[in-house]
Amino acid sequence: MATIGDSIAQYGYGALFGLFFLGILGMPLPEETLLVFSGFLVSTGKLAFWPTLIVCFLGSVTAMTAAYWIGRTLGFAFLERYGKRLGMGYTLYKKTEDWFNRVGKWALPLGYFIPGVRQFTAYFAGITRLPFPTFMLYTYLGGLFWSVLFVSLGWQLGERWEDVFDLISRNLAIFFIALLVMIAGVSFFRHRRNMKKVKQGESK
(Lines give C-alpha, C1' and ligand atoms only; values in the text may rest on other atoms or scores of the structure.)
Protein backbone atom coordinates (compact mmCIF):
# COMPACT_ATOMS: atom_id res chain seq x y z
CA MET A 1 0.00 0.00 0.00
CA ALA A 2 2.98 2.32 0.53
CA THR A 3 3.93 1.84 -3.14
CA ILE A 4 0.34 2.42 -4.23
CA GLY A 5 0.14 5.47 -1.99
CA ASP A 6 3.28 6.89 -3.61
CA SER A 7 1.77 6.32 -7.08
CA ILE A 8 -1.43 8.10 -6.10
CA ALA A 9 0.53 10.95 -4.53
CA GLN A 10 2.60 11.33 -7.69
CA TYR A 11 -0.03 10.84 -10.40
CA GLY A 12 -3.20 11.73 -8.51
CA TYR A 13 -6.66 10.59 -9.49
CA GLY A 14 -5.41 9.22 -12.82
CA ALA A 15 -3.39 6.59 -10.96
CA LEU A 16 -6.39 5.76 -8.80
CA PHE A 17 -8.58 5.25 -11.87
CA GLY A 18 -5.95 3.09 -13.57
CA LEU A 19 -5.44 0.88 -10.53
CA PHE A 20 -9.15 0.16 -10.24
CA PHE A 21 -9.51 -0.44 -13.95
CA LEU A 22 -6.63 -2.94 -14.06
CA GLY A 23 -7.67 -4.63 -10.81
CA ILE A 24 -11.23 -5.29 -11.95
CA LEU A 25 -9.98 -6.60 -15.31
CA GLY A 26 -7.95 -9.22 -13.49
CA MET A 27 -4.61 -7.78 -12.39
CA PRO A 28 -3.87 -8.98 -8.82
CA LEU A 29 -4.57 -5.76 -6.94
CA PRO A 30 -6.41 -5.42 -3.58
CA GLU A 31 -9.34 -3.32 -4.77
CA GLU A 32 -11.24 -3.23 -1.48
CA THR A 33 -8.09 -2.35 0.43
CA LEU A 34 -7.41 0.34 -2.15
CA LEU A 35 -10.92 1.75 -1.64
CA VAL A 36 -10.48 1.98 2.13
CA PHE A 37 -6.94 3.33 1.75
CA SER A 38 -8.30 6.01 -0.59
CA GLY A 39 -10.80 6.93 2.11
CA PHE A 40 -7.93 7.13 4.58
CA LEU A 41 -6.12 9.54 2.24
CA VAL A 42 -9.30 11.62 2.22
CA SER A 43 -9.18 11.77 6.02
CA THR A 44 -5.60 13.07 5.85
CA GLY A 45 -6.52 15.75 3.34
CA LYS A 46 -4.38 14.31 0.52
CA LEU A 47 -7.49 13.53 -1.54
CA ALA A 48 -10.96 15.07 -1.70
CA PHE A 49 -13.97 12.90 -0.91
CA TRP A 50 -16.21 13.40 -3.96
CA PRO A 51 -13.49 13.24 -6.64
CA THR A 52 -12.11 10.12 -4.95
CA LEU A 53 -15.50 8.45 -4.84
CA ILE A 54 -16.30 9.33 -8.46
CA VAL A 55 -12.92 8.13 -9.75
CA CYS A 56 -13.14 4.82 -7.83
CA PHE A 57 -16.67 4.24 -9.10
CA LEU A 58 -15.83 5.11 -12.71
CA GLY A 59 -12.67 3.01 -12.66
CA SER A 60 -14.56 -0.06 -11.48
CA VAL A 61 -17.62 0.21 -13.74
CA THR A 62 -15.52 1.10 -16.79
CA ALA A 63 -13.47 -2.06 -16.28
CA MET A 64 -16.62 -4.13 -15.70
CA THR A 65 -18.12 -2.75 -18.92
CA ALA A 66 -14.95 -3.53 -20.85
CA ALA A 67 -14.94 -7.08 -19.45
CA TYR A 68 -18.59 -7.50 -20.44
CA TRP A 69 -17.92 -6.56 -24.06
CA ILE A 70 -14.79 -8.72 -24.20
CA GLY A 71 -16.87 -11.67 -23.04
CA ARG A 72 -19.75 -10.83 -25.37
CA THR A 73 -17.66 -10.35 -28.52
CA LEU A 74 -14.79 -12.82 -28.09
CA GLY A 75 -16.07 -15.42 -25.61
CA PHE A 76 -19.54 -15.78 -27.10
CA ALA A 77 -18.24 -15.89 -30.68
CA PHE A 78 -15.78 -18.65 -29.74
CA LEU A 79 -18.48 -20.77 -28.10
CA GLU A 80 -20.95 -20.23 -30.93
CA ARG A 81 -18.34 -21.27 -33.47
CA TYR A 82 -16.76 -24.21 -31.66
CA GLY A 83 -19.38 -25.04 -29.04
CA LYS A 84 -20.96 -27.94 -30.89
CA ARG A 85 -17.57 -29.62 -31.03
CA LEU A 86 -17.33 -29.30 -27.25
CA GLY A 87 -20.28 -31.60 -26.59
CA MET A 88 -21.15 -31.34 -22.92
CA GLY A 89 -19.16 -28.11 -22.74
CA TYR A 90 -21.64 -26.42 -25.06
CA THR A 91 -24.61 -27.92 -23.23
CA LEU A 92 -23.22 -26.63 -19.97
CA TYR A 93 -22.79 -23.20 -21.56
CA LYS A 94 -26.44 -23.08 -22.61
CA LYS A 95 -27.54 -24.06 -19.10
CA THR A 96 -25.22 -21.41 -17.66
CA GLU A 97 -26.70 -18.86 -20.06
CA ASP A 98 -30.20 -19.65 -18.82
CA TRP A 99 -29.10 -19.56 -15.19
CA PHE A 100 -27.26 -16.27 -15.57
CA ASN A 101 -30.25 -14.58 -17.16
CA ARG A 102 -32.47 -15.80 -14.30
CA VAL A 103 -30.17 -15.57 -11.28
CA GLY A 104 -26.63 -14.74 -12.32
CA LYS A 105 -27.36 -11.06 -12.71
CA TRP A 106 -27.44 -10.88 -8.90
CA ALA A 107 -23.80 -12.02 -8.90
CA LEU A 108 -22.90 -8.70 -10.52
CA PRO A 109 -23.69 -6.41 -7.55
CA LEU A 110 -23.07 -9.02 -4.83
CA GLY A 111 -19.85 -10.20 -6.46
CA TYR A 112 -18.20 -6.84 -5.79
CA PHE A 113 -17.96 -7.87 -2.13
CA ILE A 114 -16.53 -11.35 -2.81
CA PRO A 115 -12.79 -11.30 -3.62
CA GLY A 116 -11.98 -13.38 -6.69
CA VAL A 117 -15.57 -13.27 -7.95
CA ARG A 118 -15.97 -9.67 -9.10
CA GLN A 119 -13.20 -10.18 -11.68
CA PHE A 120 -15.21 -12.86 -13.50
CA THR A 121 -18.88 -11.88 -13.26
CA ALA A 122 -18.74 -9.29 -16.03
CA TYR A 123 -16.99 -11.72 -18.40
CA PHE A 124 -19.68 -14.35 -17.78
CA ALA A 125 -22.41 -11.75 -18.22
CA GLY A 126 -21.00 -10.93 -21.65
CA ILE A 127 -20.44 -14.55 -22.67
CA THR A 128 -24.01 -15.47 -21.74
CA ARG A 129 -25.28 -12.36 -23.56
CA LEU A 130 -27.07 -10.86 -20.59
CA PRO A 131 -28.91 -7.80 -22.01
CA PHE A 132 -26.66 -4.77 -21.66
CA PRO A 133 -29.29 -2.54 -19.95
CA THR A 134 -29.77 -5.28 -17.32
CA PHE A 135 -26.00 -5.56 -16.93
CA MET A 136 -25.69 -1.79 -16.46
CA LEU A 137 -28.46 -1.63 -13.86
CA TYR A 138 -27.10 -4.37 -11.61
CA THR A 139 -23.41 -3.62 -12.14
CA TYR A 140 -23.48 0.15 -11.80
CA LEU A 141 -25.72 0.14 -8.71
CA GLY A 142 -23.51 -2.50 -7.11
CA GLY A 143 -20.36 -0.57 -7.98
CA LEU A 144 -21.79 2.62 -6.54
CA PHE A 145 -22.76 1.00 -3.24
CA TRP A 146 -19.40 -0.81 -3.03
CA SER A 147 -17.43 2.40 -3.65
CA VAL A 148 -19.47 4.54 -1.26
CA LEU A 149 -19.29 1.95 1.53
CA PHE A 150 -15.53 1.35 1.53
CA VAL A 151 -14.37 4.88 0.74
CA SER A 152 -16.60 6.18 3.54
CA LEU A 153 -15.29 3.45 5.83
CA GLY A 154 -11.68 4.49 5.27
CA TRP A 155 -12.60 8.15 5.63
CA GLN A 156 -14.32 7.62 8.97
CA LEU A 157 -11.81 5.16 10.42
CA GLY A 158 -8.78 7.25 9.53
CA GLU A 159 -5.57 5.78 10.93
CA ARG A 160 -7.52 2.87 12.47
CA TRP A 161 -8.54 1.50 9.04
CA GLU A 162 -5.93 -1.29 9.01
CA ASP A 163 -7.00 -2.54 12.45
CA VAL A 164 -10.62 -3.34 11.54
CA PHE A 165 -10.74 -3.54 7.75
CA ASP A 166 -9.85 -7.25 7.42
CA LEU A 167 -12.54 -8.26 9.88
CA ILE A 168 -15.20 -6.11 8.22
CA SER A 169 -14.37 -7.18 4.65
CA ARG A 170 -14.23 -10.88 5.61
CA ASN A 171 -17.62 -10.76 7.34
CA LEU A 172 -19.13 -8.86 4.42
CA ALA A 173 -17.78 -11.46 1.98
CA ILE A 174 -19.33 -14.28 4.02
CA PHE A 175 -22.65 -12.43 4.21
CA PHE A 176 -22.85 -11.78 0.46
CA ILE A 177 -21.78 -15.34 -0.40
CA ALA A 178 -24.60 -16.64 1.80
CA LEU A 179 -27.03 -14.17 0.21
CA LEU A 180 -26.03 -15.22 -3.31
CA VAL A 181 -26.38 -18.92 -2.41
CA MET A 182 -29.82 -18.23 -0.94
CA ILE A 183 -30.95 -16.39 -4.09
CA ALA A 184 -29.63 -19.22 -6.27
CA GLY A 185 -31.37 -21.82 -4.11
CA VAL A 186 -34.74 -20.05 -4.22
CA SER A 187 -34.44 -19.63 -7.98
CA PHE A 188 -33.52 -23.30 -8.44
CA PHE A 189 -36.56 -24.57 -6.55
CA ARG A 190 -38.87 -22.14 -8.34
CA HIS A 191 -37.48 -23.21 -11.71
CA ARG A 192 -37.83 -26.88 -10.76
CA ARG A 193 -41.44 -26.33 -9.63
CA ASN A 194 -42.28 -24.52 -12.86
CA MET A 195 -40.76 -27.31 -14.93
CA LYS A 196 -42.90 -29.86 -13.05
CA LYS A 197 -46.01 -27.83 -13.81
CA VAL A 198 -45.08 -27.67 -17.50
CA LYS A 199 -44.53 -31.46 -17.64
CA GLN A 200 -47.80 -32.11 -15.85
CA GLY A 201 -49.59 -29.86 -18.33
CA GLU A 202 -48.03 -31.67 -21.29
CA SER A 203 -48.98 -35.08 -19.87
CA LYS A 204 -52.62 -34.01 -19.71
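The expected span of a helix is 1.5 Å times one less than its number of residues. The legends below describe a predicted model.

**Figure 1. Helix α8 and the residue that follows it.** Helix α8 covers residues 132-157, 26 residues in total. At 1.5 Å a residue it should span 38 Å, and its end C-alpha atoms are 37 Å apart, which agrees. Just after α8 comes Gly158, with a positive phi of about 60°.

**Figure 2. The whole chain.** The predicted model has nine helices and zero strands. In sequence order the pattern reads α-α-α-α-α-α-α-α-α. The chain has 204 residues, and buried residues make up 43% of them. Of the contacts with a separation of 6 or more, 79% are between residues 24 or more positions apart. The accessible surface of the chain is about 11,400 Å², and carbon and sulfur atoms account for 67% of that area.

Figure 3. The chain has two salt bridges. In one of them, the side chains of Arg118 and Glu31 meet at 3.0 Å, N to O. Arg118 lies in helix α7 (residues 118-127) and Glu31 in helix α3 (residues 31-44), so this pair ties together parts that are 87 residues apart in sequence. The side chains of Arg118 and Glu32 also meet in a salt bridge, at 3.3 Å, N to O. Glu32 lies in helix α3 and Arg118 in helix α7, so this pair ties together parts that are 86 residues apart in sequence. Residues under 20% relative accessible area are taken as buried. Arg118 is buried, because its relative accessible area is 4%. Glu31 is buried at 2%, and Glu32 is buried at 6%.

Figure 4. Leu25 belongs to helix α2, which covers residues 13-25. With a relative accessible area of 25%, Leu25 is partly exposed. Leaving aside residues up to four places away in sequence, Leu25 touches Ala63, Ala66, Ala67 and Tyr123. The C-alpha atoms of Leu25 and Arg118 are separated by 9.2 Å, although these two residues are 93 residues apart along the chain.

Figure 5. In the pair of Phe17 and Phe21, the ring centres are 6.3 Å apart and the planes are at 15°, so the pair is stacked. Planes under 30 degrees apart count as stacked. Phe17 and Phe21 both lie in helix α2, four residues apart, which is about one turn of the helix. An α-helix has 3.6 residues a turn, so residues three or four places apart point the same way. Phe17 is partly exposed at 29% relative accessibility, and Phe21 is partly exposed at 23%.

**Figure 6. The ring pair of Phe49 and Trp155.** Phe49 and Trp155 form a tilted aromatic pair, 4.8 Å centre to centre, with 40° between the planes. The pair links distant parts of the chain, with Phe49 in helix α4 and Trp155 in helix α8, 106 residues apart. Phe49 counts as buried at 16% relative accessibility, whereas Trp155 is partly exposed with a relative accessible area of 37%.

**Figure 7. A cluster of aromatic rings.** Tyr68, Trp69, Phe132 and Phe135 are linked into a cluster by ring pairs.

**Figure 8. A nonpolar surface patch.** Trp50, Ile54 and Leu58 make a nonpolar surface patch of about 330 Å². Leu58 is a residue of helix α4, which covers residues 49-82. Leu58 counts as partly exposed, because its relative accessibility is 38%.

**Figure 9. Arg129 in the loop between α7 and α8.** Arg129 is found in the loop between α7 and α8. Phi of Arg129 is near 55°, a positive value in a residue other than glycine. Most residues other than glycine have a negative phi. At 31% relative accessibility, Arg129 counts as partly exposed.

Conventions. Residues numbered from 1 in each chain as written. Predicted model: local features only at pLDDT ≥ 70, side-chain atom pairs only at ≥ 80, totals over all residues. Heavy atoms only, no water. Helix = DSSP H or I, 4+ residues; strand = E, 2+ residues; numbered from the N terminus. Buried < 20%, exposed > 50% of the residue type's maximum accessible area, 1.4 Å probe, protein only. Contact = heavy atoms within 4.5 Å. Areas by Shrake-Rupley, 256 points an atom, 1.4 Å probe, with all protein chains shown as cover. Patch = residues over 30% accessible without salt bridge, like charges linked within 9 Å, V, L, I, M, F, W, Y side chains within 5 Å. Salt bridge = Lys/Arg side-chain N within 4 Å of Asp/Glu carboxyl O. Phe/Tyr/Trp six-rings, centres within 6.5 Å; stacked < 30°, edge-to-face > 60°.
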